[in-house]
Amino acid sequence: MAAVLFEKASRIYPGSPHPAVDNLDLQIDDGEFLVLVGPSGCGKSTTLRMLAGLEPIDGGSVFIGTTDVTMLPPRERDIAMVFQSYALYPHMTVGENIGFHLKVKRLPKDEIKKRVLQAAEILDLVPYLERKPAKLSGGQRQRVAMGRAIVRQPQVFLMDEPLSNLDAKLRVSTRTQIAALQRRLGVTTVYVTHDQVEAMTMGDRVAVLRDGILQQCATPRDLFTRPLNTFVAGFIGSPSMNMLPCVVDGDLGRFGTLELPLTPSQRTALTTDKVTIGVRPEALKMASSDDETKGLAVTILTVEELGSDAFLYCTPVDHPQMSVVARAEGLSSARPGSTVMLVPDLAALHVFDTATGDRLAE
């Protein structure tokens, strides 16, 4: 096991005007489960491939433990990679697939058998060791790919969207198994996904990338409660955070009939008279009669019933070009076409400078 360190690491593809990964500084602790997340093309898979040695590094360095692996070939980096496509040999049994790398390294047969059985026991694959991959479900094939990585006993696990081929229900159960397995083994793991739910439920920390630039790396809780900029705020959370473009009026940010307070430090830090105030759907509630003068008048377009919760997709009366999402209790009485007042929880506001997109300190 070992820590991983990126120091000003960059990758520029030939013919591209912009780096795929730009001056990445990122430290991953020994035994940590770190998730790289972001929209398509943000550089997360390139980052993983740079660590694996599958992509050359055009600037900076990469370390595994105390070893500078920047120029080392993949086979000398002591890593194991789990791919999206499983990459199993169809003519081999489960046991042969799991132990293939050990066979290539010419380990004794008894040692191979021992390690394969240990991995199969961890992954509940013992009954399937003599089956071919074609006879397995998608989840079982993914566990075989995991087993092949485990038997190598590497310093670092690399996983590139390993659950993207599974159906929704199987994804939930498999991601729980992977997270539990990683904590049991204690191996440093770098996991790439475009699914923020996977990122938030699996990672010890989550690194958010955009256009090859690291936006924020923090625990899932900190990403959700203290996003550093509007991109992270809008990307993390489902449905996304509501971003209200407000005009500054003294110590208030005004959006239609809504008046939201600004602290003196926030007011001082602003670079223009515009401020963006973020409100998550769960921090917007339908007003009681006593709160109606403090709310935002909206017209409900759609009600999405989820049983325990309901999401109200609305458009503000004074800003019909915008959309706002609020969360209500399940089996809500709200109906499409009706006009209601939404009142924000003032303790749960996120304030950003509109010009820079950066979070303003409270």
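**Contacts, sheets and helices in a predicted model**

Trainee: Which residue has a side-chain polar atom 2.8 Å from the backbone nitrogen of D29?

Mentor: This is a predicted model, in which local features need pLDDT of at least 70, side-chain atom pairs count only at pLDDT 80 or more, and totals for chains, interfaces and linings use all residues. Residues are numbered from 1 along each chain as its sequence is written, and side-chain values use heavy atoms, leaving out hydrogens and water. The backbone nitrogen of D29 lies 2.8 Å from a polar atom in the side chain of E32.

Trainee: With which side chain does the side chain of E32 make a polar contact?

Mentor: A polar contact is a pair of N or O atoms within 3.5 Å; within protein, one must be able to donate a hydrogen and the other to accept it, and residues adjacent in sequence count only if both atoms are side-chain atoms. Leaving aside residues up to four places away in sequence, E32 touches several residues, among them Q182, T188 and D204; such contact means heavy atoms within 4.5 Å. The polar contact of the E32 side chain, at 2.5 Å, is with the side chain of R205.

Trainee: Is E32 buried or exposed?

Mentor: E32 sits in the loop between β2 (21-28) and β3 (33-37), where strands (E, at least two residues) and helices (H or I, at least four) are DSSP runs numbered from the N terminus. Buried means under 20% relative accessible area and exposed over 50%, with partly exposed in between (1.4 Å probe, protein chains only). Because its relative accessible area is 7%, E32 is buried.

Trainee: Is A168 buried or exposed?

Mentor: A168 belongs to helix α5 (residues 168-185). Its relative accessible area is 60%, so A168 is exposed.

Trainee: Which strands stand at the edges of the sheet of six strands?

Mentor: This open sheet has the order β6-β7-β8-β3-β9-β10, with mixed pairing; two strands pair if DSSP finds at least two bridges between them. Four bridges, for instance, join β6 to β7 (residues 156-160), and these strands run parallel. Each edge strand has a single partner, so one side of it is left without a neighbour in the sheet; the edge strands are β6 (79-82) and β10 (213-218).

Trainee: What angle does the direction of α5 make with that of β3?

Mentor: Angles run from 0 to 180 degrees between N-to-C directions, and axes are lines fitted to C-alpha atoms, for helices over the stretch in contact. Helix α4 lies across β6 and β7, at about 175 degrees to β6. Helix α5 packs on the sheet, touching β3, β7 and β8 (188-193), and its angle with β3 is about 140 degrees.

Trainee: At what angle do the axes of α2 and α4 cross?

Mentor: Two packed helices are described by the angle between their axes and the distance between the axes. The contact is made by V94, N97 and I98 of α2 and V144, G147 and R148 of α4. The axes of α2 (residues 94-104) and α4 (residues 138-150) come within 7 Å and cross at roughly 30 degrees.

Trainee: Which residue of β17 is the bridge partner of T299?

Mentor: An open sheet of five strands has the order β15-β19-β16-β17-β18, with antiparallel pairing. In it, β16 (residues 296-305) and β17 (residues 309-316) run antiparallel and are joined by seven bridges. The partner of T299 in β17 is T315.
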